[in-house]
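Dear colleague,

Please find the structure handed over below. My notes on what was found in it follow directly after.

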Amino acid sequence: MKLAAQSLLQRLVRGSRTSWLAAGLACMLAAPAFAQTFPNKPIRLVVPFAAGGPADVLGRVVGESMGRSLGQSILVDNKAGAAGTIGVDSVAKSAPDGYTIALVPVGNIAVNPSLMPSLPYKQSDLAPIAMLATAENVLVVNASVPAKNLADLLKLANQKAGQLTFASPGAGSQAHLAGELLQLEANVKMIHVPYRGVSPAMTDLVGGQVTMMIAQVQSALPYIKSGKLHAIGVASPKRSPLLPDVPTIAEQGFPKFEAISWYALMAPANTPRDVVRKLNQHANTALSETTVNEKLSGLGMKATGGTPEQLASAIQSESVRWSDVIRKRNITVD
């Protein structure tokens, strides 16, 4: 049967080099055989940020475990620039064979297509493999701000309309959009102050140059514990185990408010389905390991996993959420 199919394929290709039927049949016949031997060489995992950051560590921890179970090394390639765009775009334009994959943050796949008309890739240029991990965010204020909860903070924002400031690591970042979402939900007016990264934004927040910020729990936690920042509300549907006494923003009167950071594993579009399934299987295996979970917990992340279809659904849901905020707040990024 296999030989007969290959013979038929050869005749079709010889008969018409440009035949879409021949090309389609070639893909159908080649994909299962290709998937059976995949991988037979190292896989390149593009992390679109510099080495040493949380995304890089996540990629290396999961990649190392996946490599062991796949029987081939997964080599991390840090391709930083343009807030992740350069690295993600390079994978979107790579051969769809499973040997080049990307670690993609929520912003680069679910936000930027709506935020940046000139983005060099589309959502459809990437194929979901699995969600790797989530990271909780928390609304924090400088310790000098006379607010102990969200009601206090919003009252202050109304009293000083347009005077309170919120920091972010850059225009269009999730922290920026989360601050805009809070203004929409609470009907208050604040001033956005963008920085070039989390570190300078956090430095000015601790120093009192800005009022507040929605930041990942792990980056804000040391300052919360030292008393330099006060945690107002967690931006997840449930309380954070790292801040069990801090209520969620949803608990404090805004049940639809949610701003969670997450990272996904993705491949170029048209990667054979069986290859995607195989990568998904081994990603989930890695995420089930105790040592992997412990390392991610140290980063303030929680291993997620799931199917490619579940990741696709999450991308769609987040795209709708943030495109609505972008439209209503008229947010643009040059």
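A charge is taken to sit over a ring if NZ of Lys or CZ of Arg is within 6 Å of the ring centre and within 35 degrees of the ring normal. In this predicted model, Lys41 lies over the face of Tyr99, at 4.7 Å from the ring centre.

The model is predicted, with local features needing pLDDT of at least 70 and side-chain atom pairs counting only at pLDDT 80 or more, while totals for chains, interfaces and linings use all residues. Residues are numbered from 1 along each chain as its sequence is written, and side-chain values use heavy atoms, with hydrogens and water left out.

Turning to the backbone, the peptide bond from Phe38 to Pro39 is cis, with omega near -5°, and Pro39 belongs to the loop between helix H2 (20–37) and strand S1 (43–47); helices (H or I, at least four residues) and strands (E, at least two) are DSSP runs, numbered from the N terminus. Ala83, although not a glycine, has a positive phi of about 55°, and is placed in the loop between strand S2 (74–78) and helix H4 (85–92).

As for helix packing, the axes of H5 (residues 106–115) and H12 (residues 308–328) come within 9 Å and cross at roughly 40°, where axes are lines fitted to C-alpha atoms, for helices over the stretch in contact, and angles run from 0 to 180 degrees between N-to-C directions. The contact (heavy atoms within 4.5 Å) is made by residues including Val106, Ile109 and Leu115 of H5 and Ile315, Trp322 and Ile326 of H12.

Best regards
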